[in-house]
Structure formats: C-alpha cells, structure tokens
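Biologist: I am new to this model and would like a close look at one part of it. Please show it first.

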Amino acid sequence: MSMFCYQCQETAQNKGCTIKGVCGKTSDVANLQDLLIFLLKGISRCTVKLRQEGFEVSAHANRFVMESLFMTITNANFDKERFVKRISEAITLREKQKETLKQNGIEIIDHLHCDCMTWTGNTPGEMEEKAATVGILQTANEDIRSLRELLTYGVKGIAAYAEHASNLGYEQENIYSFIQEALVATIQDLSAEELTAWVPKCGEYGVKTMALLDKANTLTYGNPEITKVNIGVRNNPAILISGHDLRDMQDLLEQTEGTGVDVYTHSEMLPAHYYPAFKKYSHFIGNYGNAWWKQNEEFESFNGVIIFTTN
C-alpha cells in the first residue's frame with residue numbers, strides 16, 4: 001500500500017485511496033502531508049506547554065499551524081516541492097519553540113512515545129522515508145484511529161475558516177489554542193471515550209470559527225442581500241474566479257477596475273454576488289457555469305483567464 005487517505009466522501013470503494021487519490025493526489029504528496037501533520041503535533045506540544053506556563057505563543061507559530069493544516073485538506077495543494085519546503089520550515093519552527101521553552105526553564109517530560117518533537121530530515125528522500133511510518137494506519141485500533149482522524153479533519157476545517165478570517169484581519173487566540181490542544185490529543189494515549197469527548201468540543205470551536213468568519217465577511221463587505229445574478233456573458237476580455245477567499249475577490253475587482261476586463265464567478269465564488277461591497281463594480285458581470293464538479297469542461301469552454309482562490 002503506497003498511501004492511505006480517507007478524508008473525503010469520494011474515496012476508492014468508499015474505504016480509502018491506497019494507490020492514488022480519486023482527487024488526483026499522488027502517494028508521495030499524500031505521505032508528505034501526513035508528515036507535515038506529524039510535525040505540527042510536535043510544534044503544538046511546545047505551544048500548549050508555553051500557554052500552560054503563562055507565556056504567549058507567537059503569531060507566526062499560530063498562523064503556521066493553521067496554514068499548514070489548511071494546506072492538507074482535500075484538493076487544496078498537490079505541490080510536492082511546497083510540502084518539502086513546508087516540512088523544513090516546520091522543523092525549524094519546532095526547534096525554535098523548544099529553545100524558547102529551554103530559555104524559560106520549562107521541560108516537557110516525554111511520555112507520549114512520539115518522535116514528533118525530535119525527528120529531523122533534510123532531503124525529500126528522508127522525508128518520504130519517515131512519512132511512510134507516521135501515516136493514519138500506524139494506529140492499530142480502528143476506533144481510536146477513526147476518532148483521532150475525525151478530530152484531525154475537524155481542526156483542518158477550523159483552520160480553513162480561520163485562515164479566511166485572518167486574511168480580513170480577524171483572529172481569536174482561543175481558536176488557535178484549541179487547534180493545537182486537539183492536535184496534541186491525537187498523540188496522547190486516550191481511550192475511545194476520552195477521544196469522543198473531544199469531538200463535540202471540536203464542533204463547538206468549528207461554530208465559533210464560522211461565526212468569526214461571518215463577522216469578518218459582513219463587517220468588511222456588508223450584510224448579504226438576496227441578489228439576482230446574471231448568467232450571460234459579454235464580449236469583453238474576462239477573468240473567471242472560483243474558490244472562497246473574498247479578499248482575493250476584492251483584490252481582483254480593484255485591480256481590474258477601469259481596464260475593460262470583465263469579472264465572472266464560478267460556482268464556489270457565487271456567494272460574492274450578495275455582498276453589497278462588490279456591487280459597486282460595474283465590471284463584475286455575473287456567474288459563468290454550474291457546479292464545482294463541472295470545472296474541467298466549463299473552464300475549457302471559458303475563453304479567458306481563470307483564477308483559483310482557496311478551496
């Protein structure tokens with residue numbers, strides 16, 4: 001088995017992708033994603049301990065964990081070189097956090113039997129070799145494995161919402177701290193009952209993070225309004241934008257204003273039309289195409305530039 005991934009509802013035979021992802025993700029990238037998550041748990045052990053001892057965690061560490069989790073969600077990033085670089089950055093950040101603990105006389109007693117705090121590797125080969133030993137299936141008990149992964153996927157979702165909110169300048173320290181505490185919980189020797197208790201807590205923080213994102217969106221772009229959306233096209237040069245990052249939408253409209261270039265949304269960016277702030281742009285024309293899963297054929301027929309924002 002060259003990989004194992006079952007984080008989406010479209011996995012092979014509804015059990016898990018073991019050779020290549022149905023989404024197109026290759027085994028080497030899938031394994032490097034597992035290694036990145038593994039190292040985030042080491043970073044989180046440090047940040048959780050710092051908070052317990054009354055110290056602040058840097059904004060860089062908080063955002064690094066959040067952004068790295070977001071990188072590993074389904075269909076978000078299949079760039080192997082990017083993950084190799086990110087893994088190196090994770091090791092550097094972890095060592096910096098360990099040095100901060102040492103300078104403040106704080107010791108972490110290592111009773112978790114997990115080398116996420118100590119493993120280092122410099123080359124893609126070393127990383128791929130280690131990645132094969134830290135994947136999902138390393139947890140033998142299926143119930144424990146499922147609960148650990150359910151919690152992991154939950155914090156990935158929280159990270160996605162939090163990243164969009166942070167792009168608009170809205171962040172909450174307690175969301176970052178929960179993400180990191182939850183990652184540490186997945187390497188502790190917790191029972192199924194104890195892990196189950198983490199799941200509704202994760203849901204609670206998911207709702208808190210969605211509320212933060214809603215606040216960020218509405219305070220920045222206004223309260224959404226029921227809106228008629230044009231589904232026709234004009235003959236001007238055009239850009240098609242998809243995804244969910246409204247800050248990218250704003251930047252695109254600002255940069256194309258007065259250029260004679262029209263802007264259309266596709267599927268996932270359709271909600272942008274109901275925010276009042278975007279309605280002032282006369283070159284924001286409408287929506288092109290249908291559901292997200294028709295992207296391949298509809299992007300092929302769109303005679304213009306296409307921009308993907310975040311998944």
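Biologist: How many nonpolar, polar and charged residues does the lining of the second largest pocket have?

Modeller: The model is predicted, so local features need pLDDT of at least 70 and side-chain atom pairs pLDDT 80 or more, while totals for chains, interfaces and linings use all residues. Residues are numbered from 1 along each chain as its sequence is written, and side-chain values use heavy atoms, without hydrogens or water.

The lining has 11 nonpolar, 12 polar and seven charged residues, with Gly counted as polar. The pocket (an open set of 1 Å grid points where a 1.4 Å probe fits, with protein on both sides within 12 Å along at least five of seven lines; lining atoms lie within 4 Å of a point) has a volume of about 590 Å³. Of its 30 lining residues, K41, V134, G135, T139 and I187 are the closest to the centre. Helices α1 (27-52) and α5 (142-167) each supply at least two lining residues; a helix here is a DSSP run of H or I, at least four residues. With six residues, α1 gives the largest share of the lining.

V84 is in helix α3 (residues 80-103) and is buried (under 20% relative accessible area), at 15%. V84 and G125 are 41 residues apart in sequence, and their C-alpha atoms are 9.9 Å apart. Leaving out residues up to four places away in sequence, V84 touches L32, P124 and M127, contact being heavy atoms within 4.5 Å.

T218 belongs to helix α7 (residues 192-221). T218 counts as buried because its relative accessibility is 15%. Beyond residues up to four places away in sequence, T218 touches N223 and P224.

Key: Buried means under 20% relative accessible area, exposed over 50%, partly exposed in between (1.4 Å probe, protein chains only). Grid points are joined across faces, edges and corners, and a volume is the space filled by probe spheres set on the points.
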